[in-house]
Amino acid sequence: MSALPPPTIEAETGVNPIASIVVMHGLGADGSDFAPFVREIDLSPIGPVRWLFPNAPQQPVTINGGYVMPAWFDIRHDRGDEDEAGLRRSQAAIEALLAREKARGVPAHRIVLGGFSQGCAMALLTGLRHAERLAGIVGMSGYLPLAGALAAERSATNADAPIFLAHGTQDEMVALPRATASRDALRALGYAVDWHEYPMGHSVCAPEVRDLAAWLQRVLEA
């Protein structure tokens, strides 16, 4: 059975959007978490855009004592023990969301795929493997999952896709060295990573939003 797109909050800044921006939330949050981006990020110079904020499924999370919460995949106590099955399920769901956007008339090269924390992991997992060239990939306060498989699985068409990565220097959930290791792994494979650090914890700050807005305008004008 084909995967279905996840339930998604949508907002359009005008009629007939010429681009779509997907932002995936982190563990325990929901699609409304980043809805403020619609008013905080002004992309009017490029025209109307459609913002999409998908909701992760409810599932038990090992590191939180098996408590059921919104999660794109399970997190085990051993960081090296990745939930590949869960990652792949959510990857398929996000691929279905991208397919739906293309069916609605927004081509892949006008779609930006992004996320925060677990959502960042999903954006990198899915975007770097997507068969068609995306406008760009955004990762905030996250890391590269299934890193060892990327060289064999990555899509040649997204080898030159611009990547915006941002992280807090005081992040207590995803330590900065894990994020810089992900950055370095991507650069070693030839990806153009636009890297940003901010004096914050596991969160998003106003300077980051401004930098992201400028980056989105650049990649969507291209």
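Reader: Among contacts in the chain with a separation of 6 or more, what percentage comes from residues 24 or more positions apart?
Author: Such residues account for 72% of those contacts. Please bear in mind that this is a predicted model.
Reader: How many helices and strands are there in the chain?
Author: The chain has six helices and nine strands.
Reader: In what order do the strands of the open sheet stand?
Author: Seven strands make up the open sheet, ordered β1-β3-β2-β6-β7-β8-β9, and their pairing is mixed. β1 (8–12) and β9 (193–198) lie at the edges with a single partner strand each, so one side of each has no neighbour in the sheet. On average, neighbouring strands of this sheet are turned by 15 degrees against each other, direction ignored.
Reader: And β2 with β3, in which sense do they pair?
Author: Strand β2 (residues 19–24) pairs with strand β3 (residues 49–54) in the parallel sense, over four bridges. Within that pairing, serine 20 is opposite arginine 50 of β3.
Reader: Turning to overall dimensions, what is the radius of gyration of the chain, and what would a compact globule have?
Author: The chain has 16 Å; a compact globule of 222 residues would be near 17 Å, so the two agree. The C-alpha trace spans about 45 × 40 × 35 Å along its principal axes.
Reader: What percentage of the residues is buried?
Author: Buried residues amount to 52% of the 222 in the chain.
Reader: And what is the accessible surface?
Author: The accessible surface of the chain is about 9,400 Å², with 55% of this area belonging to carbon and sulfur atoms.

Methods
Residues numbered from 1 in each chain as written. Predicted model: local features only at pLDDT ≥ 70, side-chain atom pairs only at ≥ 80, totals over all residues. Heavy atoms only, no water. Pairing = 2+ DSSP bridges. Helix = DSSP H or I, 4+ residues; strand = E, 2+ residues; numbered from the N terminus. Axes fitted to C-alpha atoms, helices over the stretch in contact; angles between N-to-C directions. Rg over C-alpha atoms; globule rule 2.2 N^0.38 Å. Buried < 20%, exposed > 50% of the residue type's maximum accessible area, 1.4 Å probe, protein only. Contact = heavy atoms within 4.5 Å. Areas by Shrake-Rupley, 256 points an atom, 1.4 Å probe, with all protein chains shown as cover.
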